[in-house]
Amino acid sequence: MQAITILGATGSIGLSTLDVLARHPERYSVYALTAHSKVEELAQLCIRFRPKLAVVGNAEAAAVLAQRLRTAGLTTEVSYGPQALCTAATDAACDTVMAAIVGAAGLAPTLAAARAGKKILLANKEALVMSGQLFMDAIAASGASLLPIDSEHNAIFQCLPPDYGRDLQRHGIRKILLTASGGPFLERAIETLDTVTPEQAVAHPKWSMGRKISVDSATMMNKGLEVIEAHWLFGATSEQIEVVIHPQSVIHSMVSYADGSVLAQLGNPDMRTPIAQALAYPERIDSGVAPIDLIQIGQLSFRQPDMLQFPCLQLAYDALAAGGSAAALMNAANEIAVEAFLERQIGFRRIPQLIAEVLHRLPADAVHNLDDLLEQDRRARELARALLVA
Ligand code: NAD
Ligand code: MG
(Lines give C-alpha, C1' and ligand atoms only; values in the text may rest on other atoms or scores of the structure.)
(Ligands and ions follow the chains in the order given, each with its own letter.)
Protein backbone atom coordinates (compact mmCIF):
# COMPACT_ATOMS: atom_id res chain seq x y z
CA MET A 1 0.00 0.00 0.00
CA GLN A 2 1.46 3.35 -1.08
CA ALA A 3 0.30 6.39 0.96
CA ILE A 4 0.02 9.46 -1.21
CA THR A 5 -0.01 13.19 -0.58
CA ILE A 6 -1.50 15.31 -3.36
CA LEU A 7 -0.30 18.91 -3.28
CA GLY A 8 -2.89 20.76 -5.37
CA ALA A 9 -5.63 18.11 -5.17
CA THR A 10 -8.39 20.36 -6.55
CA GLY A 11 -6.49 21.23 -9.73
CA SER A 12 -6.53 19.55 -13.10
CA ILE A 13 -3.58 17.24 -12.28
CA GLY A 14 -4.82 16.65 -8.74
CA LEU A 15 -8.22 15.47 -9.95
CA SER A 16 -6.70 13.26 -12.66
CA THR A 17 -4.47 11.69 -10.00
CA LEU A 18 -7.46 10.94 -7.77
CA ASP A 19 -9.26 9.42 -10.75
CA VAL A 20 -6.36 6.96 -11.20
CA LEU A 21 -6.06 6.24 -7.46
CA ALA A 22 -9.78 5.47 -7.24
CA ARG A 23 -9.28 2.68 -9.80
CA HIS A 24 -6.75 0.92 -7.52
CA PRO A 25 -7.86 1.14 -3.89
CA GLU A 26 -5.87 -2.01 -3.10
CA ARG A 27 -2.58 -0.32 -4.11
CA TYR A 28 -2.95 3.28 -2.92
CA SER A 29 -4.25 5.18 0.08
CA VAL A 30 -4.53 8.95 0.37
CA TYR A 31 -2.50 10.47 3.20
CA ALA A 32 -3.06 14.21 2.57
CA LEU A 33 -4.96 16.45 0.17
CA THR A 34 -4.24 20.15 -0.22
CA ALA A 35 -6.00 23.06 -1.92
CA HIS A 36 -5.61 26.81 -1.87
CA SER A 37 -9.08 28.34 -1.84
CA LYS A 38 -11.58 25.76 -3.18
CA VAL A 39 -12.81 24.66 0.25
CA GLU A 40 -16.04 23.00 -0.82
CA GLU A 41 -14.29 21.06 -3.59
CA LEU A 42 -11.69 19.89 -1.10
CA ALA A 43 -14.39 18.90 1.40
CA GLN A 44 -16.02 16.72 -1.26
CA LEU A 45 -12.69 15.07 -2.05
CA CYS A 46 -12.03 14.44 1.66
CA ILE A 47 -15.43 12.79 2.07
CA ARG A 48 -14.68 10.54 -0.88
CA PHE A 49 -11.00 9.72 -0.21
CA ARG A 50 -10.76 9.98 3.60
CA PRO A 51 -7.25 11.49 3.98
CA LYS A 52 -5.55 11.77 7.38
CA LEU A 53 -4.72 15.42 6.69
CA ALA A 54 -6.22 18.27 4.65
CA VAL A 55 -4.47 21.60 4.07
CA VAL A 56 -5.87 24.91 2.80
CA GLY A 57 -4.52 28.42 2.25
CA ASN A 58 -5.55 30.31 5.38
CA ALA A 59 -7.11 30.07 8.86
CA GLU A 60 -10.56 31.14 7.69
CA ALA A 61 -10.70 28.47 5.01
CA ALA A 62 -9.40 25.90 7.51
CA ALA A 63 -12.19 26.74 9.98
CA VAL A 64 -14.84 26.33 7.28
CA LEU A 65 -13.33 23.04 6.13
CA ALA A 66 -12.95 21.65 9.67
CA GLN A 67 -16.60 22.42 10.43
CA ARG A 68 -17.70 20.86 7.15
CA LEU A 69 -15.71 17.65 7.78
CA ARG A 70 -16.87 17.32 11.39
CA THR A 71 -20.46 17.51 10.21
CA ALA A 72 -19.72 14.76 7.72
CA GLY A 73 -18.32 12.62 10.55
CA LEU A 74 -14.69 12.67 9.39
CA THR A 75 -11.65 12.66 11.68
CA THR A 76 -9.37 14.26 9.06
CA GLU A 77 -6.96 16.75 10.63
CA VAL A 78 -7.22 20.22 9.04
CA SER A 79 -4.38 22.74 8.85
CA TYR A 80 -3.35 25.69 6.71
CA GLY A 81 -0.49 27.69 5.25
CA PRO A 82 2.95 27.02 3.74
CA GLN A 83 4.33 25.15 6.77
CA ALA A 84 1.38 22.76 6.73
CA LEU A 85 2.04 22.04 3.03
CA CYS A 86 5.59 21.03 3.97
CA THR A 87 4.28 18.77 6.75
CA ALA A 88 1.89 17.11 4.28
CA ALA A 89 4.85 16.52 1.93
CA THR A 90 7.32 15.19 4.50
CA ASP A 91 5.37 13.28 7.16
CA ALA A 92 6.74 9.80 7.82
CA ALA A 93 3.28 8.35 7.09
CA CYS A 94 3.46 9.47 3.46
CA ASP A 95 5.48 7.55 0.81
CA THR A 96 4.71 9.41 -2.38
CA VAL A 97 4.08 13.08 -3.12
CA MET A 98 2.24 14.27 -6.20
CA ALA A 99 3.58 17.82 -6.66
CA ALA A 100 0.71 19.47 -8.52
CA ILE A 101 0.52 23.00 -7.14
CA VAL A 102 0.82 25.54 -9.93
CA GLY A 103 3.77 27.94 -9.97
CA ALA A 104 6.33 29.06 -7.42
CA ALA A 105 3.90 28.39 -4.54
CA GLY A 106 4.78 24.71 -4.95
CA LEU A 107 8.53 25.12 -4.56
CA ALA A 108 8.94 24.92 -0.77
CA PRO A 109 6.82 21.79 -0.19
CA THR A 110 8.24 20.03 -3.27
CA LEU A 111 11.80 20.77 -2.16
CA ALA A 112 10.88 19.62 1.34
CA ALA A 113 9.64 16.31 -0.11
CA ALA A 114 12.94 15.98 -2.00
CA ARG A 115 14.92 16.53 1.19
CA ALA A 116 12.75 14.03 3.05
CA GLY A 117 13.58 11.32 0.49
CA LYS A 118 10.03 10.82 -0.79
CA LYS A 119 9.00 9.37 -4.11
CA ILE A 120 8.12 12.58 -5.97
CA LEU A 121 5.78 12.68 -8.93
CA LEU A 122 6.62 16.05 -10.43
CA ALA A 123 3.96 17.99 -12.30
CA ASN A 124 4.90 21.38 -10.79
CA LYS A 125 7.57 22.16 -13.41
CA GLU A 126 8.00 25.73 -12.13
CA ALA A 127 9.51 24.33 -8.89
CA LEU A 128 12.27 22.51 -10.79
CA VAL A 129 12.82 25.37 -13.26
CA MET A 130 13.33 27.76 -10.35
CA SER A 131 15.52 25.62 -8.15
CA GLY A 132 17.40 23.48 -10.72
CA GLN A 133 20.69 22.36 -9.18
CA LEU A 134 19.44 22.92 -5.64
CA PHE A 135 16.55 20.52 -6.27
CA MET A 136 18.65 17.86 -8.01
CA ASP A 137 21.25 18.04 -5.20
CA ALA A 138 18.49 17.54 -2.62
CA ILE A 139 17.24 14.48 -4.52
CA ALA A 140 20.76 13.02 -4.74
CA ALA A 141 21.52 13.69 -1.07
CA SER A 142 18.33 12.12 0.32
CA GLY A 143 17.97 9.28 -2.17
CA ALA A 144 14.49 10.50 -3.12
CA SER A 145 13.13 9.27 -6.44
CA LEU A 146 11.89 11.74 -9.00
CA LEU A 147 9.41 10.71 -11.68
CA PRO A 148 8.23 13.18 -14.32
CA ILE A 149 4.50 13.73 -14.80
CA ASP A 150 4.74 16.39 -17.50
CA SER A 151 3.63 14.32 -20.52
CA GLU A 152 6.74 15.13 -22.58
CA HIS A 153 9.19 14.29 -19.80
CA ASN A 154 7.26 11.21 -18.87
CA ALA A 155 7.46 10.15 -22.55
CA ILE A 156 11.22 10.77 -22.60
CA PHE A 157 11.59 8.85 -19.35
CA GLN A 158 9.80 5.92 -20.98
CA CYS A 159 12.10 6.10 -24.06
CA LEU A 160 15.33 6.13 -22.01
CA PRO A 161 17.15 2.99 -20.87
CA PRO A 162 16.10 1.89 -17.34
CA ASP A 163 19.59 2.43 -15.86
CA TYR A 164 19.87 5.90 -17.36
CA GLY A 165 21.86 7.98 -14.88
CA ARG A 166 21.52 11.42 -16.49
CA ASP A 167 24.39 10.42 -18.81
CA LEU A 168 23.50 10.87 -22.50
CA GLN A 169 26.99 10.03 -23.75
CA ARG A 170 27.22 6.63 -22.07
CA HIS A 171 23.89 5.54 -23.55
CA GLY A 172 24.55 6.77 -27.10
CA ILE A 173 21.86 9.43 -26.94
CA ARG A 174 22.12 12.14 -29.54
CA LYS A 175 19.15 14.31 -28.73
CA ILE A 176 15.94 14.72 -26.86
CA LEU A 177 13.09 15.73 -29.17
CA LEU A 178 10.53 17.65 -27.15
CA THR A 179 7.22 17.81 -28.99
CA ALA A 180 4.90 20.81 -28.73
CA SER A 181 1.34 21.16 -29.97
CA GLY A 182 1.91 24.84 -30.76
CA GLY A 183 -1.19 25.78 -28.74
CA PRO A 184 -4.29 27.61 -29.94
CA PHE A 185 -2.46 30.35 -31.88
CA LEU A 186 -0.15 28.25 -34.01
CA GLU A 187 -1.85 29.26 -37.25
CA ARG A 188 -2.46 32.93 -36.41
CA ALA A 189 -0.52 35.81 -37.94
CA ILE A 190 1.63 37.48 -35.25
CA GLU A 191 0.03 40.90 -35.79
CA THR A 192 -3.39 39.56 -34.85
CA LEU A 193 -2.22 38.27 -31.44
CA ASP A 194 -2.72 41.69 -29.85
CA THR A 195 -6.44 41.19 -29.71
CA VAL A 196 -6.71 37.62 -28.40
CA THR A 197 -8.72 37.19 -25.20
CA PRO A 198 -7.99 35.06 -22.12
CA GLU A 199 -10.88 32.79 -23.18
CA GLN A 200 -9.24 32.16 -26.55
CA ALA A 201 -5.84 31.64 -24.95
CA VAL A 202 -7.03 29.01 -22.46
CA ALA A 203 -8.97 27.04 -25.09
CA HIS A 204 -6.21 24.54 -25.84
CA PRO A 205 -6.91 22.48 -28.97
CA LYS A 206 -5.71 19.15 -27.47
CA TRP A 207 -5.34 19.29 -23.68
CA SER A 208 -7.68 20.31 -20.87
CA MET A 209 -5.53 21.99 -18.18
CA GLY A 210 -5.42 24.73 -15.53
CA ARG A 211 -5.57 28.35 -16.71
CA LYS A 212 -1.95 29.30 -16.08
CA ILE A 213 -0.41 26.39 -18.00
CA SER A 214 -2.97 26.92 -20.78
CA VAL A 215 -1.76 30.51 -21.29
CA ASP A 216 1.83 29.23 -21.09
CA SER A 217 0.99 26.80 -23.89
CA ALA A 218 -0.41 29.62 -26.01
CA THR A 219 2.79 31.70 -25.60
CA MET A 220 4.93 28.54 -25.71
CA MET A 221 6.53 29.58 -22.42
CA ASN A 222 5.29 26.17 -21.35
CA LYS A 223 7.68 24.58 -23.85
CA GLY A 224 10.42 26.94 -22.68
CA LEU A 225 9.88 25.82 -19.07
CA GLU A 226 9.91 22.24 -20.33
CA VAL A 227 13.29 22.71 -22.08
CA ILE A 228 14.74 23.80 -18.72
CA GLU A 229 12.90 20.98 -16.96
CA ALA A 230 14.41 18.46 -19.43
CA HIS A 231 17.87 19.89 -18.84
CA TRP A 232 17.66 19.19 -15.11
CA LEU A 233 15.80 15.89 -15.27
CA PHE A 234 17.89 14.25 -17.97
CA GLY A 235 21.26 16.02 -17.80
CA ALA A 236 20.92 17.29 -21.40
CA THR A 237 22.51 20.52 -22.63
CA SER A 238 20.32 23.05 -24.44
CA GLU A 239 21.89 21.95 -27.77
CA GLN A 240 20.75 18.41 -27.01
CA ILE A 241 17.12 19.47 -26.53
CA GLU A 242 15.21 20.21 -29.73
CA VAL A 243 11.64 21.44 -29.81
CA VAL A 244 9.50 20.00 -32.61
CA ILE A 245 5.99 21.26 -33.32
CA HIS A 246 3.58 18.36 -33.64
CA PRO A 247 0.00 19.72 -33.69
CA GLN A 248 -1.77 16.35 -33.27
CA SER A 249 -0.22 15.76 -29.79
CA VAL A 250 -0.08 12.01 -30.38
CA ILE A 251 3.68 11.61 -29.91
CA HIS A 252 4.48 13.03 -26.48
CA SER A 253 8.25 13.28 -27.09
CA MET A 254 11.17 11.24 -28.47
CA VAL A 255 14.76 10.21 -27.83
CA SER A 256 17.20 10.10 -30.74
CA TYR A 257 20.06 7.57 -30.46
CA ALA A 258 23.53 7.39 -32.07
CA ASP A 259 22.58 4.41 -34.26
CA GLY A 260 19.81 6.36 -35.98
CA SER A 261 16.97 4.97 -33.86
CA VAL A 262 14.36 7.42 -32.64
CA LEU A 263 12.13 6.09 -29.84
CA ALA A 264 8.77 7.74 -29.22
CA GLN A 265 5.93 7.36 -26.74
CA LEU A 266 2.42 7.75 -28.15
CA GLY A 267 -0.94 8.07 -26.50
CA ASN A 268 -4.14 10.04 -26.23
CA PRO A 269 -3.68 13.51 -24.70
CA ASP A 270 -4.84 12.55 -21.20
CA MET A 271 -2.66 13.15 -18.14
CA ARG A 272 -3.90 9.99 -16.46
CA THR A 273 -1.44 8.02 -18.63
CA PRO A 274 1.76 9.65 -17.31
CA ILE A 275 0.24 9.77 -13.80
CA ALA A 276 -0.49 6.01 -13.82
CA GLN A 277 2.92 5.26 -15.36
CA ALA A 278 4.72 7.14 -12.58
CA LEU A 279 2.51 5.86 -9.76
CA ALA A 280 2.98 2.20 -10.67
CA TYR A 281 6.53 2.33 -12.08
CA PRO A 282 8.05 -0.08 -12.98
CA GLU A 283 4.71 -1.88 -13.22
CA ARG A 284 1.79 -0.87 -15.46
CA ILE A 285 -1.77 -0.29 -14.32
CA ASP A 286 -5.05 0.77 -15.88
CA SER A 287 -5.39 4.56 -16.07
CA GLY A 288 -8.85 4.78 -17.61
CA VAL A 289 -7.34 6.05 -20.88
CA ALA A 290 -8.27 4.27 -24.11
CA PRO A 291 -5.45 3.30 -26.50
CA ILE A 292 -4.98 5.56 -29.52
CA ASP A 293 -6.75 4.75 -32.74
CA LEU A 294 -4.02 5.20 -35.37
CA ILE A 295 -6.39 4.73 -38.32
CA GLN A 296 -8.67 7.42 -36.95
CA ILE A 297 -5.68 9.77 -36.40
CA GLY A 298 -4.50 9.11 -39.96
CA GLN A 299 -1.59 11.52 -40.13
CA LEU A 300 1.13 12.95 -37.95
CA SER A 301 2.92 16.15 -38.92
CA PHE A 302 5.98 18.02 -37.66
CA ARG A 303 7.52 21.45 -38.13
CA GLN A 304 10.05 23.83 -36.66
CA PRO A 305 8.95 26.37 -34.04
CA ASP A 306 9.05 30.03 -35.11
CA MET A 307 10.93 32.03 -32.47
CA LEU A 308 9.44 35.30 -33.75
CA GLN A 309 5.92 34.00 -33.29
CA PHE A 310 6.85 32.53 -29.89
CA PRO A 311 9.53 34.76 -28.27
CA CYS A 312 8.97 33.08 -24.88
CA LEU A 313 10.66 29.93 -26.16
CA GLN A 314 13.81 31.90 -27.01
CA LEU A 315 13.68 33.66 -23.62
CA ALA A 316 13.75 30.26 -21.91
CA TYR A 317 16.71 28.99 -23.97
CA ASP A 318 18.52 32.24 -23.09
CA ALA A 319 17.70 31.89 -19.37
CA LEU A 320 19.02 28.33 -19.40
CA ALA A 321 22.25 29.53 -21.03
CA ALA A 322 22.58 32.41 -18.52
CA GLY A 323 22.30 30.00 -15.55
CA GLY A 324 22.15 31.01 -11.87
CA SER A 325 18.86 32.62 -10.97
CA ALA A 326 17.93 33.56 -14.58
CA ALA A 327 15.30 30.82 -14.90
CA ALA A 328 13.75 31.75 -11.54
CA LEU A 329 13.58 35.43 -12.56
CA MET A 330 11.99 34.46 -15.86
CA ASN A 331 9.48 32.21 -14.14
CA ALA A 332 8.46 34.89 -11.65
CA ALA A 333 8.04 37.53 -14.36
CA ASN A 334 6.01 35.06 -16.41
CA GLU A 335 3.68 34.29 -13.50
CA ILE A 336 2.98 38.00 -13.02
CA ALA A 337 2.52 38.59 -16.75
CA VAL A 338 0.15 35.65 -17.18
CA GLU A 339 -1.93 36.73 -14.18
CA ALA A 340 -2.15 40.27 -15.61
CA PHE A 341 -3.18 38.90 -19.00
CA LEU A 342 -5.87 36.71 -17.41
CA GLU A 343 -7.16 39.77 -15.57
CA ARG A 344 -7.22 41.72 -18.86
CA GLN A 345 -4.64 44.21 -17.62
CA ILE A 346 -2.27 43.57 -20.53
CA GLY A 347 -2.48 42.19 -24.05
CA PHE A 348 -1.14 38.80 -25.07
CA ARG A 349 1.94 40.13 -26.84
CA ARG A 350 2.93 42.13 -23.78
CA ILE A 351 3.67 38.85 -21.91
CA PRO A 352 7.07 38.15 -23.55
CA GLN A 353 7.94 41.86 -23.57
CA LEU A 354 7.41 42.15 -19.83
CA ILE A 355 9.51 39.05 -19.13
CA ALA A 356 12.29 40.31 -21.39
CA GLU A 357 12.29 43.69 -19.60
CA VAL A 358 12.59 42.03 -16.20
CA LEU A 359 15.46 39.83 -17.38
CA HIS A 360 17.16 42.82 -18.96
CA ARG A 361 17.02 44.89 -15.77
CA LEU A 362 17.73 42.18 -13.20
CA PRO A 363 21.03 40.39 -13.74
CA ALA A 364 21.04 36.70 -12.81
CA ASP A 365 22.74 35.85 -9.54
CA ALA A 366 24.22 32.71 -8.01
CA VAL A 367 21.77 30.59 -6.01
CA HIS A 368 23.05 28.82 -2.90
CA ASN A 369 19.88 28.09 -0.97
CA LEU A 370 16.10 28.41 -0.88
CA ASP A 371 16.26 31.87 0.71
CA ASP A 372 18.40 33.20 -2.20
CA LEU A 373 15.88 31.79 -4.59
CA LEU A 374 12.84 33.24 -2.85
CA GLU A 375 14.57 36.63 -2.73
CA GLN A 376 15.24 36.51 -6.49
CA ASP A 377 11.63 35.45 -7.07
CA ARG A 378 10.39 38.35 -4.93
CA ARG A 379 12.55 40.93 -6.72
CA ALA A 380 11.41 39.78 -10.16
CA ARG A 381 7.75 39.91 -9.12
CA GLU A 382 8.15 43.37 -7.65
CA LEU A 383 9.80 44.70 -10.81
CA ALA A 384 7.27 43.01 -13.10
CA ARG A 385 4.40 44.56 -11.10
CA ALA A 386 6.03 47.98 -11.29
CA LEU A 387 6.48 47.62 -15.05
CA LEU A 388 2.84 46.65 -15.42
CA VAL A 389 1.67 50.03 -14.19
CA ALA A 390 4.54 52.06 -15.69
P1 NAD B 1 -4.64 24.05 -11.67
O2 NAD B 1 -4.70 25.52 -11.69
O3 NAD B 1 -5.75 23.27 -12.27
O4 NAD B 1 -4.48 23.55 -10.15
C5 NAD B 1 -3.55 24.15 -9.31
C6 NAD B 1 -3.61 23.56 -7.91
O7 NAD B 1 -2.66 24.28 -7.10
C8 NAD B 1 -4.97 23.72 -7.22
O9 NAD B 1 -5.25 22.58 -6.45
C10 NAD B 1 -4.78 24.93 -6.29
O11 NAD B 1 -5.55 24.85 -5.12
C12 NAD B 1 -3.31 24.83 -5.94
N13 NAD B 1 -2.72 26.15 -5.66
C14 NAD B 1 -2.77 27.24 -6.46
N15 NAD B 1 -2.14 28.28 -5.87
C16 NAD B 1 -1.68 27.84 -4.69
C17 NAD B 1 -0.98 28.44 -3.59
N18 NAD B 1 -0.59 29.72 -3.63
N19 NAD B 1 -0.68 27.68 -2.52
C20 NAD B 1 -1.07 26.38 -2.47
N21 NAD B 1 -1.74 25.75 -3.45
C22 NAD B 1 -2.06 26.47 -4.54
O23 NAD B 1 -3.24 23.64 -12.35
P24 NAD B 1 -2.87 22.30 -13.14
O25 NAD B 1 -3.19 22.47 -14.57
O26 NAD B 1 -3.35 21.11 -12.41
O27 NAD B 1 -1.27 22.35 -13.06
C28 NAD B 1 -0.57 22.03 -11.88
C29 NAD B 1 0.91 21.91 -12.21
O30 NAD B 1 1.09 20.81 -13.09
C31 NAD B 1 1.48 23.14 -12.92
O32 NAD B 1 2.80 23.34 -12.50
C33 NAD B 1 1.47 22.73 -14.39
O34 NAD B 1 2.49 23.36 -15.13
C35 NAD B 1 1.74 21.23 -14.28
N36 NAD B 1 1.23 20.46 -15.42
C37 NAD B 1 -0.10 20.43 -15.66
C38 NAD B 1 -0.59 19.70 -16.75
C39 NAD B 1 -2.08 19.61 -17.03
O40 NAD B 1 -2.47 18.88 -17.93
N41 NAD B 1 -2.93 20.29 -16.30
C42 NAD B 1 0.31 19.03 -17.58
C43 NAD B 1 1.67 19.09 -17.30
C44 NAD B 1 2.12 19.80 -16.21
MG1 MG C 1 3.91 19.25 -20.94
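These legends go with several close-up views of a predicted model.

The model is predicted, so to speak: local features need pLDDT of at least 70, side-chain atom pairs count only at pLDDT 80 or more, and totals for chains, interfaces and linings use all residues. Residues are numbered from 1 along each chain as its sequence is written, chains are lettered from A and ligands numbered from 1 in the order written, and side-chain values use heavy atoms, with hydrogens and water left out.

**View 1. The shell around ligand 1.** There are 21 residues around ligand 1, and Thr10, Ser12, His36, Glu126 and Gly210 come nearest (a residue is near if one of its heavy atoms lies within 4 Å). By type, the shell splits into eleven nonpolar, seven polar and three charged residues; here Ala, Val, Leu, Ile, Met, Phe, Trp, Tyr, Cys and Pro count as nonpolar, Asp, Glu, Lys and Arg as charged, and the others, Gly among them, as polar. Helices α1 (12–22) and α6 (125–142) each put in at least two shell residues; helices (H or I, at least four residues) and strands (E, at least two) are DSSP runs numbered from the N terminus. Ligand 1 lies between domain 1 (2–148) and domain 2 (151–268 + 277–311), because both give residues to its shell; the bounds come from an automatic or database domain assignment.

**View 2. Backbone contacts of ligand 1.** Oxygen atoms of ligand 1 sit 2.9 Å from a polar backbone atom of His36, 2.9 Å from one of Gly210 and 3.1 Å from one of Gly11. The protein covers 85% of the 820 Å² of accessible area that ligand 1 has on its own (Shrake-Rupley method, 1.4 Å probe).

**View 3. The open sheet.** Seven strands line up as β4-β3-β2-β1-β5-β6-β7, with parallel pairing; two strands pair if DSSP finds at least two bridges between them. At the edges stand β4 (77–80) and β7 (145–148), each with a single partner strand, so one side of each has no neighbour in the sheet. On average, neighbouring strands are turned by 25 degrees against each other, direction ignored (axes are lines fitted to C-alpha atoms). Strand β3 (residues 53–56) is joined to β4 by four bridges, and Val56 has Tyr80 in β4 as its bridge partner.

View 4. Tyr281 and Pro282 are joined by a cis peptide bond, with omega about 5 degrees. Pro282 is in the loop between α11 (272–280) and α12 (294–297). Arg50, in the loop between α2 (39–49) and β3, has phi near 50 degrees, a positive value in a residue other than glycine.

Notes:
A polar contact is a pair of N or O atoms within 3.5 Å; within protein, one must be able to donate a hydrogen and the other to accept it, and residues adjacent in sequence count only if both atoms are side-chain atoms. Axes are lines fitted to C-alpha atoms, for helices over the stretch in contact, and angles run from 0 to 180 degrees between N-to-C directions.
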